[in-house]
Amino acid sequence: MRADRLISILLLLQSRGRMTAEQLAEKLEVSERTVYRDMDALSSAGIPVLADRGAKGGWRLLEEYRTNLTGLKESEIKALFVSPSGQLLEDLGLTRTAEDARAKLLAALPEVYRHNAANVWNRVHIDTSRWRQPQEQIASFETLKEAIWGHHKLTIDYERANGDRNTRTVEPLGLVAKGGTWYFIASAEGEIRTYRVSRIQSADLTEETFERPEEFDLVHYWKTSTTTFMKNLPKFEVHAEITSKIVPRLKFTGRFVQVNGIGKPDSEGWIPVKFSFETKEEAKAYILGFGAQIKIVEPEALQGEILEMAEAAVAFYNVIY
């Protein structure tokens with residue numbers, strides 16, 4: 001509803017100070033044109049919203065203006081009491097703090113909402129840990145947190161996925177958890193970059209501080225960077241035919257294996273499927289793992305390469321046994 005959206009805009013501006021029409025549109029999931037119309041409505045209602053021009057411009061409230069909109073809907077109360085990931089809270093050192101905060105919030109609620117809010121904890125649980133995979137080691141996590149809150153520059157020793165290591169000084173901007181894995185966002189040499197926390201071999205806090213860019217939005221950066229990352233992933237496409245027995249298993253493909261289309265069975269029961277892999281090597285290993293359940297159509301050259309892999313495996317085990 002528009003009334004809810006106008007209240008959301010008011011509270012966002014009050015808490016963040018200044019936001020662009022683009023940032024508000026993304027946050028509220030509407031168009032920028034809608035945001036401009038909403039600003040006109042707020043202004044007409046006597047709310048002192050101001051538009052600053054220029055590169056660092058945006059919408060803001062008149063200085064010292066505050067509203068006391070404290071009423072919470074039942075759905076909003078439930079959202080507050082959904083239990084966050086216990087593992088992530090433990091990583092941040094906030095497990096006990098979160099429990100105390102929820103207890104205080106619960107005590108402050110009107111009696112009519114208190115029972116339902118308490119029941120949320122026993123009805124929704126979020127577990128971000130992975131099946132059969134050990135938790136990543138994050139040796140420098142406390143130092144990263146200290147640098148982020150204190151605006152201190154960090155010198156980190158970082159190991160890339162290929163094993164190369166280098167040392168650099170960065171300006172820490174935030175931490176992001178995705179699927180139970182932590183990522184460190186920092187500015188280095190004027191460019192904002194993403195580092196996997198488990199690959200930071202060491203982190204040394206410096207005495208030098210920096211000014212955090214006012215326009216930086218961690219959520220917006222993460223969404224944009226991950227979208228770009230997925231678009232730029234290398235692709236190796238395979239057209240194949242599969243048996244009906246393995247159709248359910250295609251739902252559990254690997255991280256960078258995508259099923260782009262499943263057709264109808266032909267007269268012999270073979271089902272056409274389009275796969276997209278990150279590399280040819282991943283494609284060969286994946287397809288060979290299904291044995292005679294997948295038949296390659298294109299590229300034809302892949303048929304011979306998988307045949308060579310299968311023959312090499314047979315020869316290897318014939319020697320052993």
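Predicted model: local features only at pLDDT ≥ 70, side-chain atom pairs only at ≥ 80, totals over all residues.
Residues are numbered from 1 along each chain as its sequence is written, and side-chain values use heavy atoms, with hydrogens and water left out.

A pocket here is an open set of points on a 1 Å grid over the protein atoms alone, where a 1.4 Å probe fits and protein lies on both sides within 12 Å along at least five of seven lines; lining residues have an atom within 4 Å of a point. Among the lining residues are R16, R18, M19, T20, E214 and D217. By class, the lining comprises six charged, three polar and three nonpolar residues (Asp, Glu, Lys and Arg count as charged; Ala, Val, Leu, Ile, Met, Phe, Trp, Tyr, Cys and Pro as nonpolar; the others, Gly among them, as polar).

One of these lining residues, T20, sits in the loop between strand 1 (18-19) and helix 2 (21-28). Helices (H or I, at least four residues) and strands (E, at least two) are DSSP runs numbered from the N terminus. T20 is partly exposed, because its relative accessible area is 27%; the classes are buried under 20%, exposed over 50% and partly exposed in between, with a 1.4 Å probe and protein chains only.

Turning to charge, the structure holds 14 salt bridges, each being a side-chain nitrogen of Lys or Arg within 4 Å of a carboxyl oxygen of Asp or Glu. R193 takes part in two pairings: with E191, the closest N and O atoms are 3.5 Å apart, and with E189 they are 3.9 Å apart. R193 is partly exposed at 24% relative accessible area, and E191 is partly exposed at 44%, whereas E189 counts as exposed at 78%. E189 lies in the loop between strand 6 (181-188) and strand 7 (191-196), and its phi is near 55 degrees, a positive value in a residue other than glycine.

R168 is buried yet has no salt bridge, and E189, its nearest side chain of opposite charge, is 7.1 Å away (Lys and Arg count as positive, Asp and Glu as negative; His and the chain ends are not counted). The side chain of R168 does make a polar contact of 2.4 Å with that of N166. Such a contact is a pair of N or O atoms within 3.5 Å; within protein, one must be able to donate a hydrogen and the other to accept it, and residues adjacent in sequence count only if both atoms are side-chain atoms.

Another salt bridge pairs K295 with E241, with the closest N and O atoms 3.3 Å apart. This pair links distant parts of the chain, 54 residues apart: K295 in strand 12 (residues 294-298) and E241 in strand 9 (residues 236-242).

Finally, a cis peptide bond joins E298 and P299, with omega about -5 degrees. P299 lies in the loop between strand 12 and helix 11 (301-320).
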